[in-house]
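I opened a new page for this structure today. These are my entries, in the order in which I looked things up.

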Amino acid sequence: MGHVSELRLCDPLVAAAREQLLAGESLSQEAGVRLFDAPMLELGRLANAVARDRHGDRAYFTVNRQLNPTNVCVLACRFCDYARKPGAPDAYTMTKEQVLSHVDPEISEIHIVGGLHHKWRFDDYLDVIRWVKAKKPSLSVKAYTAVEIDFFCRLTRKPADWVLTELRAAGLDALPGGGAEVFSERVRRELFPQKIGGRRWLEIHEIAHQLGIPSNATLLYGHIETRGERVQHLIDLRELERRAPGFLAFIPLAFQPGATGLVRRQASAIEDLKTIALSRLVFDNVPHVKGYWVMLGQDTAAASLNFGASDLDGTIGQEKIAHAALAKSPVGMAEAGMVQMIREAGKIPVQRDALYRVVREYGRRDEPAAASAA
Ligand code: V47
Ligand code: SF4
């Protein structure tokens with residue numbers, strides 16, 4: 001039981017969505033928005049069944065580190081508590097030694113993202129990748145958002161395909177999904193008018209996919225965006241995946257209000273779980289939806305594994321972006337904690353790298369671990 005074809009649903013809206021998905025049709029923006037008002041457990045059952053049809057009971061995580069080489073940024077997005085202006089007392093730029101201290105022997109993924117530094121050249125950003133790759137060649141490197149790629153294009157006066165090819169030669173394996181925010185010009189004008197908009201973000205990921213560089217995608221929700229804008233964002237990503245396949249995972253990022261004053265409190269756990277489920281149902285051609293525990297908190301992230309999520313991201317080490325905005329989750333988690341969260345959700349933990357190559361399969365609760373791969 002639990003496959004889409006076997007589900008019996010009570011709610012007519014969710015049952016209609018199931019029929020459409022079974023017929024191989026995608027959900028429209030209108031249908032997506034209406035589903036937000038459907039009973040959440042029904043939505044969760046359908047989204048969980050969609051995830052189960054793709055991945056069985058497996059849920060993925062990685063042993064990784066987040067490396068934020070500098071918080072100095074020439075932009076000033078209104079929702080960002082992380083960036084600092086040059087010379088600010090808590091502005092930092094890491095040395096090579098500090099960068100390399102993030103490359104612990106046990107990790108299989110490194111996630112590199114940071115500010116747009118006023119003095120760094122493209123070569124400095126390439127060096128960060130070269131250093132980590134030289135220390136651990138087997139490490140999968142997920143580095144630099146489309147916002148940073150666009151910045152490198154302006155620094156070098158070269159097109160994105162050239163920039164991405166240079167990054168790949170330095171050791172880049174995949175692009176992270178950050179910087180997408182919400183593909184709504186209304187929201188962009190309000191919250192991040194200096195930053196690239198949806199069209200450029202999508203263009204850069206399309207070029208990456210055409211070059212064979214896979215990528216992730218995010219949505220920043222829970223601030224001033226509407227549900228219609230959220231669903232349209234999912235549809236824009238679904239269309240890009242049809243034109244130029246290459247997405248690995250979609251990560252809805254629950255906005256941490258911090259000191260921004262934009263909203264009084266974070267979206268509720270119910271809104272989080274509905275957003276995860278809707279992401280799984282509308283962005284129907286993305287392999288994985290992540291329940292990002294850093295922003296969701298551990299309990300909601302564990303629950304998300306029964307609402308369509310099939311990945312929890314990773315152990316992370318020292319997360320800085322959400323914690324600059326006062327996120328209450330711990331700054332990192334142990335591998336055993338990730339395994340336990342996944343087992344408690346009734347799923348089978350699978351450790352992966354940034355490209356979803358399996359590092360280790362664990363057993364279900366109370367079962368001995370299966371033999372390690374790679
Ligand atoms: O681009 C900034 C967002 C992103 C806040 O690709 C905030 O696997 C919430 O993209 N509250 C960076 N979000 C993080 C990111 C990410 C995280 C985990 C996995 C992956 C992946 C990507 O964080 C930024 C921005 O959209 N952000 N401030 C905030 N206060
Ligand atoms: Fe800079 Fe990114 Fe923060 Fe915007 S979100 S201010 S681009 S670090």
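This is a predicted model: local features need pLDDT of at least 70, side-chain atom pairs count only at pLDDT 80 or more; totals for chains, interfaces and linings use all residues.

Entry 1, strands at the ligand. Strand 5, residues 215-221, gives at least two residues to the shell around ligand 1, and so does strand 6, residues 247-254. I then counted the elements of the chain and found 15 helices and ten strands.

How many residues surround ligand 1? I noted 22, and the closest are Lys142, Gly177, Gly179, Glu181 and Lys290. I sorted the shell by class and got eleven nonpolar, seven polar and four charged residues.

For Gly178, a polar backbone atom lies 3.3 Å from an oxygen atom of the ligand. At Gln256 the ligand uses a nitrogen atom, which is 2.9 Å from a polar backbone atom of that residue. I then looked up the surface: ligand 1 on its own exposes 620 Å², and 95% of that is buried by the protein. Where does ligand 1 sit? I wrote down that ligand 1 is in the largest cavity.

I listed the residues around ligand 2 as Cys73, Leu75, Cys77, Phe79, Cys80, Ala83 and Lys195. By class, this shell holds six nonpolar residues, one charged residue and no polar residues. I also checked the space that ligand 2 takes up, and this space is the largest cavity.

In which helix is Arg343? I found Arg343 in helix 15, which covers residues 335-344. The side chain of Arg343 comes to 3.1 Å from the backbone oxygen of Gly363. I also compared Arg343 with Arg264: the two are 79 residues apart in sequence, and their C-alpha atoms are 34 Å apart in space.

I took the box along the principal axes, and the C-alpha atoms fill roughly 60 × 50 × 40 Å. Why do I say that the radius of gyration agrees with a compact globule? A compact globule of 374 residues would have a radius of gyration near 21 Å, and the chain has 20 Å, so the two agree.

Notes. Residues are numbered from 1 along each chain as its sequence is written. Chains are lettered from A and ligands numbered from 1 in the order in which they are written. Side-chain values use heavy atoms; hydrogens and water are left out. A residue is near a molecule or strand if one of its heavy atoms lies within 4 Å of it. A polar contact is a pair of N or O atoms within 3.5 Å; within protein, one must be able to donate a hydrogen and the other to accept it, and residues adjacent in sequence count only if both atoms are side-chain atoms. Accessible areas come from the Shrake-Rupley method with a 1.4 Å probe; for residues, only the protein chains shown count as cover. On a 1 Å grid over the protein atoms alone, a cavity is a set of points where a 1.4 Å probe fits but cannot get out, and a pocket is an open set with protein on both sides within 12 Å along at least five of seven lines; lining residues have an atom within 4 Å of a point. A molecule sits in a cavity or pocket if more than half of its atoms lie within 2 Å of its grid points. Helices (H or I, at least four residues) and strands (E, at least two) are DSSP runs, numbered from the N terminus. Ala, Val, Leu, Ile, Met, Phe, Trp, Tyr, Cys and Pro count as nonpolar, Asp, Glu, Lys and Arg as charged, and the others, Gly among them, as polar. The radius of gyration is taken over C-alpha atoms; the globule rule is 2.2 Å times the number of residues to the power 0.38.
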